[in-house]
Amino acid sequence: MANKSKSPIVPIFESAVIESDRQDGYWVETFHFSRDDKAPGVIVSGLVSGIVEFLDNPIALASHAREAAPDDSWTRYEVANFDSPVAVVAVDVTSNGLMDVLVCHDYGPFMLECDPKGGWITWLENPGRDNLKKNPKDASDNHWKQRKIGRWPAMHRIKTRYFTQRSYLEVIAASVVYGPHDKTTPIPIIRFQAPENVLESTEWPRAIIDDENFTVIHEVTKKKLKGPNGLDSLVVSSREGTTWLYFENGSWHRQLIGIGEPKEPRQSPTSESPGSGDHWGSGCVDVGGLGDDPFAYIATLDPFHGIAAGIYTKVGRGLQDTQWKKQILDVYGTPNQLQKTGDGPGHFIICADFDGDGDDEFLLSLFGPLDRDENGESIPPPSGPHPNKGIMYYKAIDASKGLFAKWRIANESSARIAIGNFGGKGNLDLVSISYNVARYYEEPNPVVTLHLNKTPKPAPPITESAIIPTVWDGEGLVYLALPSEASSSQSAPLIEVANYALAVEVHPPGTKIPIDTGEGIKVLYGGVADINGSRTPLGTSPFPTQVSTTSEDSSLSADAETGAILLRLTPVNDTEAGEWPSAAEVPVRTTFDTSELGLDFEPLAFKKVEDLWWGEPFKGLDFYNMSGFHFRFQHDKSQIAHLQFWTAGTGVDCGVHNHTDAIFQEIHICLSPGTGNGGMSRIKEEFEDTPPSEIPNLDESAFDHVPLPELYEHGGLWHRDSYDKPVRGKMNLVSYPWHKWQAGSGENVDAWLALEFNPDLQVP
């Protein structure tokens, strides 16, 4: 196994808020005030407040023999105040060793309501440290001298360096749309070139790079990938996809890497609502290197304000005219965000070698859940942690196969990330800013947060197996080969819980699968058969049917065409089921083994639901959750199912719900019926039209209740059409009646597992 390592590579970041009393948040940029600073600061800004600030690193202050701020806090200087500033770039315009700041501003309140007279790019001249005032009487006393570069309406992204020559600084500028309410006219990508005397020039000379090929540009990424004399090039994320744009032999060249998120037949190029209308293509990318290949993969977030995190990898080596293969790693968002109308939670991606092993990881910024009311207005998001907030850290195991590990390294809303040696220790640290833009997504109490990198530096190996376990944001992820492509049966342990050992198995077509008395088998993909008939993932008759996962046979047969992926539940220990009076006593032992990949996996444990981000309504209840494992295919990374575990004490109502916040088909299997008659309750048909606000007030007579015996599963709860297919509703949700787990009257706790199947993969 190549590069095999037993050392842990769990990313470790120590976090501290460095600015908290903000009005809003949008941009953060690494900023070396001068070339001899020992550690950089950052430039931060808010689109609505208009304030552009320099946050000075206390390490840099100390390096200039100035008194450090109390408690090593970062010193804040307001350097400008514009109408709706968007992008910020740091560059030494005057070549005097002091870093200046470029800002594009006068954007307008919204991309489709952009200011037709705005879109200015202005550069701010660094005054030097001696002219910074710590406590000015008026914030504007610290404003830096402003000079214009040029403009185009809806200016959204700017990049600087040397793209066509190396004598004069160049600025590449791209608007998000052509103009107000115009998502179809191609946007001019503009090159501004610094004049000989930048201090006296009123505007910079400009030329059009391309005004025929790009619409709805969300991001432009600068990379030194190719070009004579070390010129910089660009990767453009637009509705047309991911495009490499570079200058060579006197002209600009385009190469399409991939189309990103495909356009759906339902989508319209001119739509403007909900959100900002339909979006497809690419939203943000960065280029990652592996070993000696500096452009081994391209990390993507698609489409505009994306939902789908993925990668492109080259079919061969090289770059120019090569072929690229795309693989999706993750999909984020609420059902509203999954509609791809510019509301998705993903905003930024950046690649860098954070663990120092010679391979680039990538980070993904998630700003949070954005939902809308009946009038299409955005609903204020919840404060605190949420699955669609934070910074995700992806580590390649085998990029060519799309195999990665993932950790959540921050919980706060993240609009963008700046990287640099902020801690002065030679590591790549992070600074992130919360997303808060009026009329769109307004994160409560936006902050700027420093994340100091304490990550160890081993390298994970590349592996060949039908079952590849990895870590995935505090859970386990198992990449599984198609059974038809597996050379033999394979098994991998997951966890022991409630006196059952769970393992995931892959069996080629036609394989004989032994099963012992008392063992449970749940099919995740494909099918198996025994003397009583066939089993498929969702083939059980609808609720209130209940079916045992055990078998009277001594072996099962994997389907002759598809084979089978299954979950095996094997009894362990001698304790009788239901002997645990509290969740704390339910035995749990994590057996999931990622050591072959050089990864440490933190053991799983039950957590009280009231302590989870959504658990406030369950304060004081004996109700616990333990999550869990994802199962995905190796070949396309599509989700098969997600597994998690629950316990509930005597009489606990686990909350009536109908899955309007996720898209899956759910099955539960009882591990221990400790309360005696606990099980699944579904609202009776005559109560289905009860207003949602009154549902929690219904008593048990309004529900059909099915107690689940040990190792039994219930039939699917979802609504079905005349063809027995799941009914899909608004935002492609699987339609469910109101339902809940209702614990019984016994003195011990119920323990059960939940499997959430991908409805677009599994068909009952």
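Visitor: Which residues lie nearest the centre of the second largest pocket?
Guide: Glu29, Lys159, Lys222, Ile350 and Ile419 do, out of 34 residues that line the second largest pocket. Keep in mind that this is a predicted model.

Visitor: What elements give two or more residues to that lining?
Guide: Strands do, among them β2 (27-31), β10 (155-161), β14 (219-223), β22 (346-352) and β26 (416-420). The volume of the second largest pocket comes to about 880 Å³.

Visitor: How many nonpolar, polar and charged residues does the lining have?
Guide: By class, you get 19 nonpolar, five polar and 10 charged residues. Glu and Lys count as charged and Ile as nonpolar, so Glu29, Lys159 and Lys222 go in the charged class, while Ile350 and Ile419 go in the nonpolar one.

Visitor: Now for Thr94. Why is Thr94 called partly exposed?
Guide: Its relative accessible area is 23%. Buried would need under 20% and exposed over 50%, so Thr94 is partly exposed.

Visitor: Where does Thr94 lie, and what is it in contact with?
Guide: Thr94 lies in the loop between β6 and β7 (100-105). Beyond its neighbours within four places in sequence, Thr94 has heavy atoms within 4.5 Å of others, so Asp100, Trp123, Val198 and Leu199 count as its contacts. Thr94 and Val198 are 104 residues apart along the chain, yet their C-alpha atoms are separated by 7.1 Å.

Visitor: What is the mean pLDDT of the protein?
Guide: The mean is 91, and 94% of the residues reach 70 or more. Over residues 1-8, though, the pLDDT is below 50. That stretch still has 26 contacts in the model beyond near neighbours in sequence.

Technical notes:
Residues are numbered from 1 along each chain as its sequence is written. This is a predicted model: local features need pLDDT of at least 70, side-chain atom pairs count only at pLDDT 80 or more; totals for chains, interfaces and linings use all residues. Side-chain values use heavy atoms; hydrogens and water are left out. On a 1 Å grid over the protein atoms alone, a cavity is a set of points where a 1.4 Å probe fits but cannot get out, and a pocket is an open set with protein on both sides within 12 Å along at least five of seven lines; lining residues have an atom within 4 Å of a point. Grid points are joined across faces, edges and corners, and a volume is the space filled by probe spheres set on the points. Helices (H or I, at least four residues) and strands (E, at least two) are DSSP runs, numbered from the N terminus. Buried means under 20% relative accessible area, exposed over 50%, partly exposed in between (1.4 Å probe, protein chains only). pLDDT is the predictor's confidence in each residue, from 0 to 100.
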